[in-house]
Amino acid sequence: MSTVTSRLSRQQEKQLCFLLNCSRLSLLFKASVHGYTADAFHRRCDRQGPTVTVAYNNSYFIFGAYTSKDYAQTGQNIADDKAFVFSFNEREMKKKPLRVVSTEAQRSFVDANTGPNFVSLLFLHNNTATVYSNPGTYNFDPVEMHGNDLQLTEFEVYRVEAGAEALMEKPWRNIQWDIEKKKGLMDMITEWKHGVSSVKKARILLVGPVGAGKSSFYNSINSVFKGYVSNQANMGYAGTSLTTQFRAYSIKTGGGKVLPFTLCDTMGLEEGINAGLDIDDFVSILKGHIQNKYQFNPAMPLQTQSPSFCKEPELKDKIHTVVYVIDTCNVKLLSEKVLEKLAAFRRKTNQLGIPQIFLMTKVDEACPSVASDLKNLYQSNYIHKMMQEVSANLGVPLSNVIPVKNYSQDVDLDPQTDILLLNAFVQILRTTEGFFEDFSQEEE
């Protein structure tokens with residue numbers, strides 16, 4: 001998957017946050033990736049709450065507009081006493097930014113099916129990389145605002161994160177955070193049985209876009225049972241997948257007992273042709289044809305005549321559950337091509353009768369309230385909204401979407417992170433039980 005990153009430098013983001021009086025910005029839309037069209041903008045930015053549009057041109061201007069209201073394509077004039085347009089120049093960062101409010105109390109922006117329309121500034125004009133400028137409602141000097149350079153080199157939209165998000169009154173899922181619960185979950189996982197004697201260890205496949213946290217999830221579960229933070233699987237982000245082999249990992253408790261499942265890691269999904277995990281290789285993994293440590297070749301899937309191809313796999317060699325791993329921060333940024341690949345993978349998995357579940361990682365990075373206290377997870381409106389987005393876009397029940405926080409920067413274990421990870425894994429094992437129950441019924 002192509003990297004979708006902010007064009008703002010750290011200093012520029014800090015200056016914009018100061019102007020907006022917010023804690024941070026979350027990138028929703030990047031025109032060079034998603035397209036310079038109103039439709040692409042609305043698909044990713046409607047009903048996102050407070051947002052700021054940021055435009056760039058070749059004259060070194062960074063300019064745009066803020067609104068505290070939702071975009072919803074109502075066709076109406078929207079009053080927003082907090083809205084304003086702004087500008088600063090990359091070459092004059094020490095100079096105070098230009099900030100201009102509307103002169104019309106009842107018309108801060110027009111909520112139409114166009115690009116962001118702040119009356120005096122209309123971005124993505126006629127579905128192009130341009131801005132229409134007509135000072136009046138916002139009374140600014142065009143030279144100060146954009147240097148009379150209306151051709152955009154980039155256009156981005158960010159969700160504006162307040163200092164502390166308004167939380168739901170009650171958690172919409174209940175979770176026990178006490179240390180006794182952690183011990184009970186670990187015992188449940190250690191003693192888990194699926195009831196099919198020919199399979200000693202259930203095989204659980206981790207699949208997802210590059211950088212979503214597949215390998216980190218394995219490392220995190222492994223760490224909980226080892227009792228310290230462990231990084232056995234390669235993890236990190238380099239634009240392309242760091243995982244280039246098919247790996248099947250076992251997990252042991254601190255006392256050396258091997259747990260009754262294997263976590264299988266793969267290449268990440270990428271946008272391009274001949275890039276990332278190939279769908280034919282994916283199907284071969286599901287059917288048990290690909291052996292541990294097979295080196296993927298995105299340009300050519302595994303051939304049946306290859307020594308690495310297992311011609312007569314048994315039930316123990318096949319995949320019994322597929323876990324799709326999605327970065328919560330990038331839910332709105334998943335490209336159409338990656339969504340199409342995920343949909344194709346899900347269809348193949350359904351055809352083979354293999355149960356599926358979704359993990360949403362990096363919840364602490366996506367929501368400041370969760371970062372400050374993990375116990376806020378199931379009271380976070382934003383996390384709930386992103387889970388609903390995954391459910392709707394990928395056609396999976398909300399009950400099969402599980403948010404987690406992996407160990408990625410930590411050097412010590414945290415009880416709350418452990419409990420969240422263990423709860424998620426219990427859900428994965430319960431999903432896996434469905435595969436073996438179906439198999440047993442078929443045998444009978």
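These entries go through a sheet, the helices across it, the nonpolar cores and some salt bridges.

**Before I start**

I am looking at a predicted model, where local features need pLDDT of at least 70, side-chain atom pairs count only at pLDDT 80 or more, and totals for chains, interfaces and linings use all residues. Residues are numbered from 1 along each chain as its sequence is written, and side-chain values use heavy atoms, with hydrogens and water left out.

**Entry: the sheet**

I looked up the strand order and found an open sheet of 6 strands, S1-S10-S2-S3-S5-S6, with antiparallel pairing. My labels come from DSSP runs, numbered from the N terminus: helices are H or I with at least four residues, and strands are E with at least two. Two strands pair if DSSP finds at least two bridges between them.

Which strands stand at the edges? They are S1 (24–30) and S6 (98–100); each has a single partner strand, so one side of each is left without a neighbour in the sheet. Neighbouring strands here are turned by 25° against each other on average, direction ignored.

I then followed S1 to S10 (residues 152–161): the two run antiparallel and are joined by 6 bridges. One pairing I noted is Leu25 with its bridge partner Val160 in S10.

**Entry: helices across the sheet**

Helix H1 (residues 10–20) lies across S1, S2 (51–57), S3 (61–67), S5 (84–89), S6 and S10, and runs at about 150° to S5. Helix H3 (residues 38–45) lies across S1 and S10, at about 140° to S1. For these angles, axes are lines fitted to C-alpha atoms, for helices over the stretch in contact (heavy atoms within 4.5 Å), and the angles run from 0 to 180 degrees between N-to-C directions.

**Entry: nonpolar cores**

In soluble globular proteins, nonpolar side chains tend to be buried together. A nonpolar core is a set of buried Ala, Val, Leu, Ile, Met, Phe, Trp, Tyr and Cys residues joined through side-chain atoms within 4.5 Å. Buried means under 20% relative accessible area, exposed over 50%, and partly exposed in between (1.4 Å probe, protein chains only).

How many residues are in the largest core? I found 86, and Ile189 and Phe425 are among those with the most contacts inside it. Helix H12 (residues 415–443) gives the largest share of this core, 11 residues. Apart from it lies another core of 28 residues, including Ala40 and Cys45.

I also listed what Ile189 touches: leaving out residues up to four places away in sequence, its contacts include Phe225, Leu259 and Leu422.

**Entry: salt bridges**

I found 12 salt bridges in the structure; each is a side-chain nitrogen of Lys or Arg within 4 Å of a carboxyl oxygen of Asp or Glu.

Asp39 and Arg43 meet in one (2.3 Å, N to O). Both lie in H3, 4 residues apart, about one turn of the helix. They also belong to a salt-bridge network with Arg44 and Glu336.

Lys182 pairs with Asp418, the closest N and O atoms being 2.7 Å apart. This pair links distant parts of the chain, from H5 (residues 179–190) to H12, 236 residues apart. Buried or exposed? Asp418 is buried at 1% relative accessibility, and Lys182 is buried at 15%.

My last pair is Lys257 and Glu191, with closest N and O atoms 3.2 Å apart. Both sit in loops, so the pair ties together parts that are 66 residues apart in sequence. Lys257 is partly exposed at 38%, and Glu191 is partly exposed at 46%.
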